[in-house]
Every structure is written in C-alpha cells, then in structure tokens.
Amino acid sequence: MSIEAPVYAGGLDGRCLCGDITISVGRHRAELGACHCTRCRRWSGVALNVFTAAPDQVQVSGPVAIYPGEIAERAFCPRCGTSLWLRNPGEDYEFMVGVFDGAQDYPLISEIYIDRAFASCRFAGEHKRATQAEYEARNPFLAEDA
C-alpha cells in the first residue's frame, strides 16, 4: 500500500439536522479517518468518520453546545442533537462527515481500533489500519476502557 500526499479541497457547507447550525469550511483535507473506539462509537452511534480542517478555514453559525470530554471537546446541536465535530482547543477541527452533503465521495484513508469495530461496520478497501493495541502503543495517553 502506498501512502500518498493528502488531498485538499475547499468550499464545503454543512448543517445540523434541524438547520439551526451551519458550517462553512474552506481549504480542508478531503479524506476521511474512521475510529471504532468506545468513546467514538457511543458519540456517533457506530463508527466515527471525520475529515480535518484548520480553525482559520472554519465559519460556524448557530448555538453550538460543547461536551468537554476527557480527550477532546465534542460539539453538537442542542436542539436536534446532531454530532458536529471534535477537537482540542487550538487544534484542527475533526468534522463529522455526515454533516456535509458535499463530502460523500471522500475516500477513507485510515481506520483505528479496528478490532473494536461492530461486524456491521467493518470497512473494506486499501487504507491504513491499526488495532487498539497498535494505536495506543503510539498514543499511550489515549488508553481505552476495556
């Protein structure tokens, strides 16, 4: 498997289910990462699928609620509950891909906690993969619950 340079795109708009929150993203990585850890499964419903964008490329309008979480803040709409993004202050946004209709063709380039994935949500294709043990060995501060 070859590792290619990141693919960038610009001009993507998204919104929550009820429309109270709109998000405009300028230049961003037009590729997805997936996570199957317990935290992400509980927050997203099955598997987290995100793309990243720098804070200076993001405009958010509407009443966003923040759950401060132990690893990253997680943003959602307080009216309809749509999960919007996760991030650490000052770092890139990791946007939930489902909020953006224009992102449906973004390729999956990485997947972590693959040994924790639900049988109904195992992703096929050529991309980087890591088990819980492999990922946490490189990122020990993320130790997952058993």
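1. Cysteine 37 is buried, its relative accessible area being 5% (buried means under 20%, exposed over 50% and partly exposed in between, with a 1.4 Å probe and protein chains only). Its sulfur lies 3.6 Å from the closest cysteine sulfur, that of cysteine 35, which is too far for a bond.

2. This is a predicted model, in which local features need pLDDT of at least 70 and side-chain atom pairs count only at pLDDT 80 or more, while totals for chains, interfaces and linings use all residues. Residues are numbered from 1 along each chain as its sequence is written, and side-chain values use heavy atoms, leaving out hydrogens and water.

3. A search of the whole structure finds zero disulfides, a disulfide being a pair of cysteine sulfur atoms within 2.5 Å. Cysteine 18 is accordingly in none, and the nearest cysteine sulfur, in cysteine 16, is 3.6 Å away; cysteine 18 is partly exposed, at 27% relative accessible area.

4. The largest nonpolar core has 35 residues, and Ile23, Leu48 and Phe100 are among those with the most contacts inside it (such a core is a set of buried Ala, Val, Leu, Ile, Met, Phe, Trp, Tyr and Cys residues joined through side-chain atoms within 4.5 Å). Leaving aside neighbours within four places in sequence, leucine 48 is in contact (heavy atoms within 4.5 Å) with residues including Cys35, Cys40, Trp43 and Met96.

5. Tyrosine 67, at 48% relative accessibility, counts as partly exposed. Not counting residues up to four places away in sequence, tyrosine 67 touches Ala72, Glu73, Arg74 and Phe76.
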